[in-house]
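How do two parts of one chain meet? Look at the model first, then read on.

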Amino acid sequence: MILGNLHLKSPFILAPMAGITDLPYRRLMKNAGASLVFTEMISANGLDRNAARTRELLRSCREEEPLGIQLFGSEPEVLGRAAAEISPFGALIDLNFGCPAAKVIRSGAGSALLRDPGRIGRITAAVRKATPLPLTVKIRAGWDAASINCFEIAAIAANEGADGVVLHPRTRSQGFSGHADWSLIRQLKNTLSIPVIGSGDLFSAADAVRMLEETGCDAVMIARGGLGNPWLFEQAGGLLSGRPVIPPEPAIRHLVVRRHYQLQVETFGPGQALKQMRKHLGWYSRGMRGGAEFRARINRLDDIDTVMAAVDRFYGDLNQQEMAK
Ligand SMILES: Cc1cc2nc3c(=O)[nH]c(=O)nc-3n(C[C@H](O)[C@H](O)[C@H](O)COP(=O)(O)O)c2cc1C
């Protein structure tokens, strides 16, 4: 899989997720087998204003390389300036033309741009001119069911120098409801000469491999399916090579959760780590025996050490049940 001059070791990529794909999460997922990881979407306007909170999102480290940086905005010049400025910090730039959040749309960015293909062309051209890095665009199927225009948008981006297109085949109106229409990924792959990366409804290794096979896309992006389940990357790689999917033992799960916690504390300190880990612990314990009680317990605790003691007990119990089998 090649995007511009970037060679990826596998077709399984970590999708950008605002509020989730912070540095600790990316390091964890990289370690779990993601071939490329993405920052949360970063505001080009925020970079222009030199906002500290925006800049903080660019924090990185060698372990997570290669890093994809995703930008959002609506003004070609501002996005061009932002791309030039961040180029030394990443290996690839992605432009967000798909975010359905009302606040982003009000600013004329994200999926609002799907209604203005000309502007998408001008933004892509400006960013292409501003950076030597590989460039991708991430789009949705269209604004709504009556205006599916991902083929037109992808062709414009390719024409203006994009090295790849990521398609999440839901419309803006759909938000996250219904199903991603994978047939649009297949159609796009059949019509576009640059690589196509598929996104949407990859909740298991089998889903990830099936998307590759059914659509012929060059790579897939894993988003919600990886929450609490970093093993998905290795499982998908194994399945693609014909190996069976083996769920991790409780002891392995425990180690990974502990590592996640350690990375959070190292990066943000205990207060912020607790906030983030509470969310992740909810996902890690999903579908596990005693998970609901565990979640209720940790939601009553407000100190990271007691929360982590509860984590140790939860996985200790799971481990004992496993041994008793
Ligand atoms: C919490 C959350 C935050 C997201 N943030 C972003 C984002 O910042 N940029 C982006 O391009 N897509 C974002 N997405 C969309 C995902 O990258 C992905 O395309 C989408 O979730 C479909 O994949 P899935 O069904 O496997 O989750 C986000 C999705 C979720 C669930």
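Domain bounds here come from an automatic or database domain assignment. With those bounds, the C-alpha centres of domain 1 and domain 2 lie 30 Å apart. This is a predicted model. Domain 1 covers residues 2-240 of the protein chain, and domain 2 covers residues 250-324.

**The contact between the domains**

The size of an interface is often given as the accessible area lost when the parts come together. Between domain 1 and domain 2, the buried area is about 1,400 Å². Carbon and sulfur atoms give 61% of that area. In domain 1, three residues lose the most area to domain 2: P24, L28 and W231. Together they make up 37% of what the domain 1 side buries.

The table lists the counts for this interface.

| Item | Value |
|---|---|
| Domain 1 in contact with domain 2 | 16 residues |
| Domain 2 in contact with domain 1 | 16 residues |
| Salt bridges between domain 1 and domain 2 | two salt bridges |
| Polar contacts between domain 1 and domain 2 | six residue pairs, both at pLDDT 80 or more |

**Who supplies the domain 1 side?**

Helix α1 spans residues 23-31. It gives five residues, the largest share of the side of domain 1 that touches domain 2. By class, that side of domain 1 has eight nonpolar residues, six charged residues and two polar residues.

**A salt bridge to find**

Now look for the side chains of R259 and E63. They meet in a salt bridge, with a distance of 3.8 Å from N to O.

Notes:
Residues are numbered from 1 along each chain as its sequence is written. This is a predicted model: local features need pLDDT of at least 70, side-chain atom pairs count only at pLDDT 80 or more; totals for chains, interfaces and linings use all residues. Side-chain values use heavy atoms; hydrogens and water are left out. Contact means heavy atoms within 4.5 Å. Buried area is the accessible area (1.4 Å probe) that two parts lose on being put together, summed over both. A salt bridge is a side-chain nitrogen of Lys or Arg within 4 Å of a carboxyl oxygen of Asp or Glu. A polar contact is a pair of N or O atoms within 3.5 Å; within protein, one must be able to donate a hydrogen and the other to accept it, and residues adjacent in sequence count only if both atoms are side-chain atoms. Helices (H or I, at least four residues) and strands (E, at least two) are DSSP runs, numbered from the N terminus. Ala, Val, Leu, Ile, Met, Phe, Trp, Tyr, Cys and Pro count as nonpolar, Asp, Glu, Lys and Arg as charged, and the others, Gly among them, as polar.
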